[in-house]
Amino acid sequence: MFESFFPKPKLFFVSALIWTALGMLLWYGPGDSIGAALGFDLPETGDPVVGISYFYTPSFLWFYVVYIVWVALFAAAWFILSPHPWQRWSILGSAFILLTTYLGVQVSVAINNWRRPFFDQFQTALSGDGTVSAADLYGLLVIFAEIAMIATLVFVITRFFVSHYVFRWRTAMNDFYMSRWPRIRKIEGASQRVQEDTMRFATIMEGLGVSVVDAVMTLIAFLPVLWSLSQYVTELPLVGVIPHPLFIALMFWAAFGTGLLALVGIRLPGLEFLNQRVEAAYRKELVYGEDDASRASPPTVTELFGNVRRNYFRLYFHYMYFNVARGLYLQADNIYVNIILVPTIVAGQITLGLWQQILTAFGQVSNAFQFLVNSWTTIVELLSIYKRLRAFEAAFRGEELSGIEQTPETGGIVPPPADPEPGAGGHQRTHGVSTSGPRRG
């Protein structure tokens, strides 16, 4: 899955994390001093910039320079030390996706900066004192439209590129497996794993991968915003006055929800994996029955479909209590931030615009922290596909199969024979399907 697309995957991802950490230390450490020395006018403090000029402030221009240089150094090192046929897509393509996703998150920050002046003027206009004109509100709405156009452009570019990126990854996996087809063709379910599982892996990664990156970038962009907004909140219900109450309340709530749902849904990945196994066993017996009248007999089909039914019923039960826990948590999340803001609202210490800013920032960071909660079913499906492909690779490499692959209920993957020549061992082929006997998996 990864070796086909990335150079030396384990070392690559470890080095990418280390290089990213060093880049963040540079950016949040001496980065401003270096930028100022190079001629970038980087103000230390000031009101947030409202409008599309937010995207070409000196700070943003300096960020573009640092990012491009940092990525170029990392890519050049890998291009020289470990050339790979897909390196331009896997390295430079990944870097481009990170950049466009970060810009998409910064669009949300720009909109959040816009909310405060707009809703403050909106509140003043409702008082009827005449200090806010229609032109003032129209002007702010035009600014919002400009930011929205940037958001649309970034979204379209990101999704278009990600679609091509993920299909290249699927192509790399397909080429990797098909180059070993003479050896792997006798592994049970080989055709399904090469075609269907790689397709599903790519499809899920297209949506889930961007969501993961978006969640991380949202944390990077909005945590400082939430930290600064905490100064306007005086205390929390029951807890009282504490430093940075918004930030601490969010961390507690997100950790609680993520831990709760991970614990409640801990059995789902294994059950989803077994579900694919029993479905594959049932489907395979039916395929054999198309060409061999002795196959797909009622007792065998009844037993195989009984496995399908039993596993689905177990899935329904476990998803039932998982959805109860998930639903209750998400409903509570809708009012959590307003509950913790009640003392501050009653004290009259925030305006309507500031309240909107806090709600948006809190919601963005909360959703990012709750990524596992909101995407758990998709993650479960991806994990089950990963297990299938990993077991497939273990089989054709002659590695020991995992315990779940040897589950008696569904049978295990049959490793390829030592002699991969066609017809070895007396196998008879009909329409490309082995008829050497019932091998389930």
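**A guided tour of the predicted model**

The protein chain exposes about 22,600 Å², and carbon and sulfur atoms supply 66% of that area (accessible areas come from the Shrake-Rupley method with a 1.4 Å probe, and for residues only the protein chains shown count as cover). This is a predicted model, in which local features need pLDDT of at least 70 and side-chain atom pairs count only at pLDDT 80 or more, while totals for chains, interfaces and linings use all residues. Residues are numbered from 1 along each chain as its sequence is written, and side-chain values use heavy atoms, with hydrogens and water left out.

**The whole chain**

Display the chain as a cartoon. Its secondary structure comprises twelve helices and two strands (DSSP runs, numbered from the N terminus: helices are H or I with at least four residues, strands are E with at least two). Along the sequence, the pattern is α-α-α-α-α-α-α-α-α-α-α-α-β-β. Of the 441 residues, 42% count as buried (buried means under 20% relative accessible area, exposed over 50%, partly exposed in between, with a 1.4 Å probe and protein chains only).

**The nonpolar core**

Next, select Trp 169, Tyr 177, Phe 201, Phe 222, Leu 246 and Phe 362, which touch the most other members of the largest nonpolar core, a set of 92 residues. Such a core consists of buried Ala, Val, Leu, Ile, Met, Phe, Trp, Tyr and Cys residues joined through side-chain atoms within 4.5 Å. Helix H7 (residues 190-229) contributes the largest share of this core, 16 residues.

Centre the view on Phe 201. Leaving aside neighbours within four places in sequence, Phe 201 is in contact (heavy atoms within 4.5 Å) with Met 1, Trp 169, Met 173, Leu 382, Ile 385 and Leu 389.

**Aromatic pairs**

The structure holds 41 aromatic pairs. Rings of Phe, Tyr and Trp (its six-membered ring) pair if their centres lie within 6.5 Å; planes under 30 degrees apart count as stacked, over 60 as edge-to-face and the rest as tilted. Select Trp 114 and Phe 118, a stacked pair at 4.6 Å centre to centre with 15° between the planes. These two are separated by about one helical turn because they are four residues apart in helix H4 (residues 87-127). Both Trp 114 and Phe 118 are buried.

Then select Phe 176 and Tyr 177, an edge-to-face pair at 5.9 Å centre to centre with 70° between the planes. Phe 176 and Tyr 177 are both buried.

**The largest pocket**

Now select Thr 20, Ser 94, Leu 98, Val 213 and Met 217, which lie nearest the centre of the largest pocket among its 47 lining residues. On a 1 Å grid over the protein atoms alone, a pocket is an open set of points where a 1.4 Å probe fits, with protein on both sides within 12 Å along at least five of seven lines; lining residues have an atom within 4 Å of a point. The volume of this pocket is about 1,600 Å³ (the space filled by probe spheres set on the points, which are joined across faces, edges and corners). H7 gives the largest share of the lining, eleven residues.

**Two single residues**

Select Lys 8, in the segment before H1. Lys 8 has a positive phi of about 40° although it is not a glycine, and it counts as exposed at 51% relative accessibility.

Finally, select Gln 106 in helix H4. Is Gln 106 buried or exposed? At 4% relative accessibility, Gln 106 counts as buried. Not counting residues up to four places away in sequence, Gln 106 touches Tyr 54, Phe 55, Phe 60 and Ala 221.
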